[in-house]
Amino acid sequence: MTDKTLTRMDLSEAVFREVGLSRNESAQLVESVLEHLSDALVRGEQVKISSFGTFSVRDKSARVGRNPKTGEEVPINPRRVLTFRPSHLMKDRVAAGNKS
């Protein structure tokens, strides 16, 4: 494993190199795509990217949790959580990267 993180800047630089848009247009394109994705998730829609995976929002109900240090019961409020389920192709691709 590496400590490398793919950033927005890395994505826009890849668009710049591979598509041929200007750096500014590439950055705007990446921002626009990410904004559309996040807006759809905020509305509660699923975002499915073929051969990559599916992002969705799940509602979790209120429950009682426990503080692991003290054992004290603590109420956990209902909330919405973001989930990601990778496609089988993505799972296979990542698994193939683990082989030496």
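Throughout this passage, buried means under 20% relative accessible area, exposed means over 50%, and partly exposed lies in between (1.4 Å probe, protein chains only). By that scale Arg8, at 47% relative accessibility, counts as partly exposed. The structure is a predicted model, in which local features need pLDDT of at least 70 and side-chain atom pairs count only at pLDDT 80 or more, while totals for chains, interfaces and linings use all residues. Residues are numbered from 1 along each chain as its sequence is written, and side-chain values use heavy atoms, with hydrogens and water left out.

Side chains of opposite charge can pair when their charged atoms come close. A salt bridge is taken here as a side-chain nitrogen of Lys or Arg within 4 Å of a carboxyl oxygen of Asp or Glu, and the structure holds six of them. One of these joins Arg8 to Glu31, with the closest N and O atoms 2.5 Å apart. This pair links distant parts of the chain, Glu31 being in helix H2 (residues 23-42) and Arg8 in helix H1 (residues 8-19), 23 residues apart. Helices (H or I, at least four residues) and strands (E, at least two) are DSSP runs, numbered from the N terminus.

Lys4 pairs with Asp10, the closest N and O atoms being 3.4 Å apart. Lys4 is exposed, with a relative accessible area of 62%, whereas Asp10 is partly exposed at 26%. Arg43 and Glu45 also meet through their side chains, at 2.9 Å from N to O. Here Arg43 is exposed, with a relative accessible area of 56%, and Glu45 is partly exposed, at 36%.

Ser12 is found in helix H1 and counts as buried, at 12% relative accessibility. A polar atom of the Ser12 side chain lies 3.0 Å from the backbone oxygen of Met9. This is a polar contact, a pair of N or O atoms within 3.5 Å; within protein, one must be able to donate a hydrogen and the other to accept it, and residues adjacent in sequence count only if both atoms are side-chain atoms. Leaving aside neighbours within four places in sequence, Ser12 is in contact with Ser26, Ala27 and Val30, where contact means heavy atoms within 4.5 Å. Ser32, by comparison, sits in helix H2 and is partly exposed at 32% relative accessibility.

Ser51 is placed in the loop between strand S1 (47-49) and strand S2 (53-60), and is partly exposed at 42% relative accessibility. The phi angle of Ser51 is near 65°, a positive value in a residue other than glycine. Ser87 belongs to the loop between strand S5 (79-86) and helix H3 (88-97) and is buried, at 17% relative accessibility. The side chain of Ser87 has a polar atom 3.4 Å from the backbone oxygen of Ser51, and that side chain also reaches the backbone nitrogen of Met90 at 3.1 Å. Beyond neighbours within four places in sequence, Ser87 is in contact with Ser51, Phe52 and Gly53.

On a 1 Å grid over the protein atoms alone, a pocket is an open set of points where a 1.4 Å probe fits, with protein on both sides within 12 Å along at least five of seven lines, and lining residues have an atom within 4 Å of a point. The largest pocket has a volume of about 500 Å³, a volume being the space filled by probe spheres set on the points, which are joined across faces, edges and corners. Its lining has 16 residues, of which Leu11, Leu34, Leu37, Ile49 and Phe52 lie nearest the centre. H1, H2 and S1 each supply at least two lining residues, and H2 gives the most, with six. The lining divides into 15 nonpolar residues, no polar and one charged; Ala, Val, Leu, Ile, Met, Phe, Trp, Tyr, Cys and Pro count as nonpolar, Asp, Glu, Lys and Arg as charged, and the others, Gly among them, as polar.
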